[in-house]
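This briefing goes through selected local features of one protein model. Please keep the sequence and the coordinates at hand while reading.

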Amino acid sequence: MAVLEETYQLTVKLPGGGEDIKIIASPRENIQDIKQSIMESPDTCANSCFYLAYKGKRVNDYLELGEIEGITTESELELVEDNYTERDVRLHISRLRDLLGGPYKPNPSTVGIDPAISFLTAITADKKIDDLFSDEPIPEHAFTNVNIEERSKLSKLVPSNFQRVAPECIKSLTLSGWNPVPHRQKLKGDLLYLAVTTLENEIIHITASTKGFFVNNSSNNKFDPAHSHTKKASAHSLITLLQMVSPLFRKKFLELQDFITHHHMLEVLPVNTYYPNHPWAVETPQHLYDPSRPCETYLNAGADAVESLRDWNDELQSHRELPKTDLQERVLRERLITKVQAEFTEAAVRGAMAVANGSVIPLNPLEPEESHMYIYNNIFFSKGNDGRGTFEQLGADEAAHVATGKDLEGVKILNSIDSEGLYTLASVIVDYKGERIVAQSIVPGIFRRQDENSIVYGSVDNGAQVSSDASFHESLGKDVAKSLHLAEHTVIDDSKTESKLYTSQETKGLLGADGRRYMLDLYRLNPVDIEFQEKECVEKDGKPAYPHKMTLLRPELMSLFWEHKFRQWVKAKTDEIKKERGDAKPVAVEDKKEESEPKAEEEEKAVASKENAEEPEEEIKIDVNEFKLNFNTDVFTCAKQPEGEQLKQDEQIIRDASKFLAEEIVPSIVLDFASYSISPLDGDALTKAMHRRGINMRYLGKLTELIAISKDKRIEHVRQLAIQEMIVRASKRLLRKYLSKCPVEQASLCISHFFNCLLGAGFNAKPSPVLPEGTNRNDFEWAQITPAGLKTLVAQQVLLRFRYKLEDDAIEKLNFIPTLRELCIRVGVQVSTRDYRAQPYTEEERAANLAEDAAYQTAIDRKKQEQSNSRGKKNKKHQQDSVKRPIRRTTTFIPEDIFNLMPTVKQASSRSMFAEETFEAGKMSIAQGHRQLGLELLLESLSLHEQTYGFLHPETSKCYATLAMIYHHSEDRESALDLQRKAVISAERTCGIDHPETIHHYLNLGLFEHAAGRTKLALRYIRHALYYWDLLVGPGHPDSSTADNNAGVMLQSLRDYATSTKFFERACATTEEVLGKEHVLTATGYHVLARSYTLEGNFPKALAAERIAFDVFEKKLGPEDARTKDSDLWLKELTTNAVIVAQRAREEKINADANSTTTPVSVPEPTQSKPQVGELPIDQVLQFINGDSSNKSKKGTQKKSQKKQRK
């Protein structure tokens, strides 16, 4: 555990006698970081070029705070304005541009539209504290007059009050045409010239000099660098100067600062430790005029753009070599590695796009295009296909495509083992426009041709020559072979030489020119899934052969299998010893094993030895070191190994692992789905759930079949999701294939036609493609697709890749928006947020359309008539415009709906093992009831997460959410809310605005706001979450009843009983549909519904609902259960009440007949509900409802819903 360090309360004195500012910092913080936080604070944002002085002495920027001589925890530092260099000026201008742009400035130079966007501020709107005790009968809220059954519209994806563009402070800021500075002016200290157009429409020419900024005498056609006579203004900061010369700038700049501070801190921060998320559906982007945008590269990287060139490999490897003896060193090391990897990813994505667009010249232009290699920005790019013929026997390009992904996984695994003395390359896979491009950092010396023997481990030529360097072998044996349980095995090459290897012969060890040992081609770190290969890689039973033989097992499966075997071994051992002794003492090792996650063997030993030490003498002892199970990754491949007993054993182990996957793990995940221990909402969540259990996606078909056999209604939604996932994956393959063959200007035509055939066939069964001028359908492969043809192709692909035969109407049954969303995310498409029509017109709509067309025709005829009568051109033109043809789409999508095609990225991001282990330990402690210890561990883990991953990262977001939930349960409302807001923003900006995680965070945020007494605000969040829920999943998902219940409870507290009843009804219907009427949860739903009806004053319905609940409770729980008794009590009250109401109604009728004019029966005014006439309740029922039980019921439903939420 890290010791909590004392914090420093620093005072910073500002120049020019401004107010001092206070800063809280830790002694390990860099002065650089403290300067950064000063620049980002609204009061001091004008300063960017300064140094800090302590007792009059300049402090070095790279020192840590605690290293300054004589500094105390309450010292005073001085901010001293420094002289500018050309670089400082550029950074100062860049910062000002960023500041003026605001948090979500539309920027066409990003990879996609709206990167890393967050809607929290827009949905929160104004944070007026709700007045719970207002006099209005039903306060207005987010669900007032909303039809909750209406489906979500895609056009409302972005909240209507979301503001992208910040208040404008100046019209433009550009580099002046008088740059670069002439020689004699350089000697006077001029560094750069700017031209600023103010909001007063004045063009001001400004000089940036070493001392600061001043207005000069130049204009666009005369150069005069002297100080201006009219505007004698100069300042150290450009912001201060602009405030002096433009009153409107001063006014608007304050507005801008308000606008920025109105956003949460995490919305304003740039996302720089993770690849930002881009929404799949976006509004038409606003394109703003900004003449200084083209010179961004110069402002950021200097005149020769040298500052942006980096030696990626050396940076990454030298960060890996940093010391990691204590916690602080580990944190620093992990933070630097995470940062350089994120920056590498960004550079790799831009480079890959340049390669795919043909802007980079290949290194080997004479070879065929498939095997071209490129270097751009010190990154090595190659195509993810089989350009070298390595995978000919295994499925050529198909196998190569898989191998790139597996190689990346291998890099991830080695990075997480973090073995000393072995290095991996920075690697990123970019899929763009149908091409797979692999980006890697460059190993020093790899391009030196004459030195062929730099590969010293493994084989380059499929086993013709195998090398095994002793020092490499030893390094691998230390950590890697142990934690992956790799078997040392012998491989024979063509010259009959035997070599001992741990890894597969395909895995290469390379000695770089820098003396470091690099591991390359890590796609075979795991063995072959031999059972699948033998059954499915051949043509039989009407199924085609699986497209490649790179069918490997996942690392997660290998750990699970090892654990499984280890448990069996321990059990067998203990039984053996028990037999010998004839006693049955409990064995502790085994239990311990059950809980432990797959870890390295050494830890297993430690656990066991500890156990043994604690046991009394006569108990059974097992030496864990006797257990040996290692995997030989070269069996069942083309590698030649010496025949014999050992090889047979190795093969049997791998075969067992393969069977274990098919026969135990795949069926077990179906049980997990049925028990709701995992409940995936979208394809991505399903993929992750399968991968976590070591199941490859090629088993999707098998999974779907197993769910179908079980006929379990509770998991019907998973079956539909799995079918959707298979179709999406097959369609993605097809669309990529078409895209790879079409030039960029046809991409939107191709995508929209593909979408029309796949998803829009219901609206138009024969969509015709939009073609480039002067071409016909036969010129392009994509233009020849038809809905029926595409359906066949998709079904073939699903059969080929997932071994599953789609039903004939599978594609027609797809949910339109969820499928469109998945497909856009997988291919990298951004579409317009509009309401696409996938259903045909109804009869009424057809009639209306015909009428509209007829009206248009009549208007045209009338115009023609008038035109021939009238004369004069002006008149004529004016009349022509006034008649508009009714615009109607003939297809669901048109090319203009496709806004962007962007790359999708896979990266081998490093994990901070320490932060994650602390997090797990904290969760364990809390689960075991050690609350205080657990909380401390989680807080420690959070600070580690923030330091290593930064605030904006999916892992940090999970950490925020877990802690928020713990604070919520211990009634610390404000801490919970603060953390939950951070969780929401962090998830929105890195996972996506409509990602399941984000939706869950919003639902919980609503729950916490309601608990803090701000119910109206809570309902805004709930509504936002339910809107996305409906887009993502559609109605009737088992999990949605929880959210509906929560919304109902909140609406009850606002006295809107009618709307709350609708939510309870919907929740009840969902539960009944999924679990059946006889289930206790369904009965609980009816019980809650009965109360809701009572509050609404609808007694007959309440009685009916309570009766259903009571019957189930009595049958399932017995008459003695508290729930049954509670329900019984209600039933009696409601029955009595119904009798009284009926009696009154009868009396009323008699009176009415007698008087023929009714007088209302006077009834005491109820305190809560507004009953309907004819069902007048009695006081005591109301008291009964409003007294104890209504409070109980509220708490009850809330608790229940929280429990479900936590699952």
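Is Lys55 buried or exposed? Lys55 counts as exposed, because its relative accessibility is 68%; buried means under 20% relative accessible area, exposed over 50% and partly exposed in between, with a 1.4 Å probe and protein chains only. The model is predicted, so local features need pLDDT of at least 70 and side-chain atom pairs count only at pLDDT 80 or more, while totals for chains, interfaces and linings use all residues. Residues are numbered from 1 along each chain as its sequence is written, and side-chain values use heavy atoms, with hydrogens and water left out.

**Overall make-up**

- The protein chain has 38 helices and 24 strands; helices (H or I, at least four residues) and strands (E, at least two) are DSSP runs, numbered from the N terminus.
- Of the 1207 residues of the protein chain, 52% count as buried.
- Contact means heavy atoms within 4.5 Å. Among contacts in the protein chain between residues at least 6 apart in sequence, 70% join residues at least 24 apart.

**Backbone exceptions**

- Most residues other than glycine have a negative phi, and most peptide bonds are trans.
- Lys55 is not a glycine, yet has a positive phi of about 55°. Lys55 is placed in the loop between β3 (50–54) and β4 (57–58).
- Glu971, also not a glycine, has a positive phi of about 65°. The loop between α29 (954–969) and α30 (973–990) holds Glu971, which is exposed with a relative accessible area of 55%.
- Asn179 and Pro180 are joined by a cis peptide bond, with omega about -15°. Pro180 lies in the loop between β6 (170–175) and α4 (183–186).

**Aromatic pairs**

- A pair of aromatic rings is described by the distance of the centres and the angle of the planes. Rings of Phe, Tyr and Trp (its six-membered ring) pair if their centres lie within 6.5 Å; planes under 30 degrees apart count as stacked, over 60 as edge-to-face and the rest as tilted.
- There are 27 aromatic pairs in the structure. In one of them, Trp562 and Phe566, the ring centres are 5.6 Å apart and the planes are at 5°, so the pair is stacked.
- Helix α15 (residues 555–581) contains both Trp562 and Phe566, four residues apart, about one turn of the helix. Trp562 counts as buried at 3% relative accessibility, and Phe566 counts as buried at 1%.
- Trp562 also pairs with Phe627: the ring centres are 5.3 Å apart and the planes are at 75°, so this pair is edge-to-face. Trp562 lies in helix α15 and Phe627 in the loop between α17 (601–614) and α18 (645–674), so the pair ties together parts that are 65 residues apart in sequence.
- Phe627 is buried, as is Trp562. Ring pairs link Trp562, Phe566, Trp569 and Phe627 into a cluster.

**Charges over rings**

- A charge sits over a ring if NZ of Lys or CZ of Arg is within 6 Å of the ring centre and within 35 degrees of the ring normal.
- Arg698 lies over the face of Phe532, at 5.0 Å from the ring centre.

**Helix packing**

- Helix α9 (residues 312–320) and helix α10 (residues 327–356) have axes that come within 9 Å and cross at roughly 160°. That makes α9 roughly antiparallel to α10; angles under 35 degrees count as roughly parallel, over 145 as roughly antiparallel, 65 to 115 as roughly perpendicular and the rest as oblique.
- Axes are lines fitted to C-alpha atoms, for helices over the stretch in contact, and angles run from 0 to 180 degrees between N-to-C directions.
- Residues making the contact include Trp312, Leu316 and His319 of α9 and Leu336, Val340 and Phe344 of α10.

- Arg989 is found in helix α30 and is buried, with a relative accessible area of 4%.
- Arg989 and Glu267 are 722 residues apart in sequence, but 8.2 Å apart in space, C-alpha to C-alpha. Leaving aside neighbours within four places in sequence, Arg989 is in contact with residues including Ala116, Ser118, Glu267, Asn277 and Leu952.
- His401 lies in helix α11 (residues 396–417) and counts as buried at 19% relative accessibility.
- Not counting residues up to four places away in sequence, His401 touches Gly384, Asp431, Arg436, Arg733 and Arg736.
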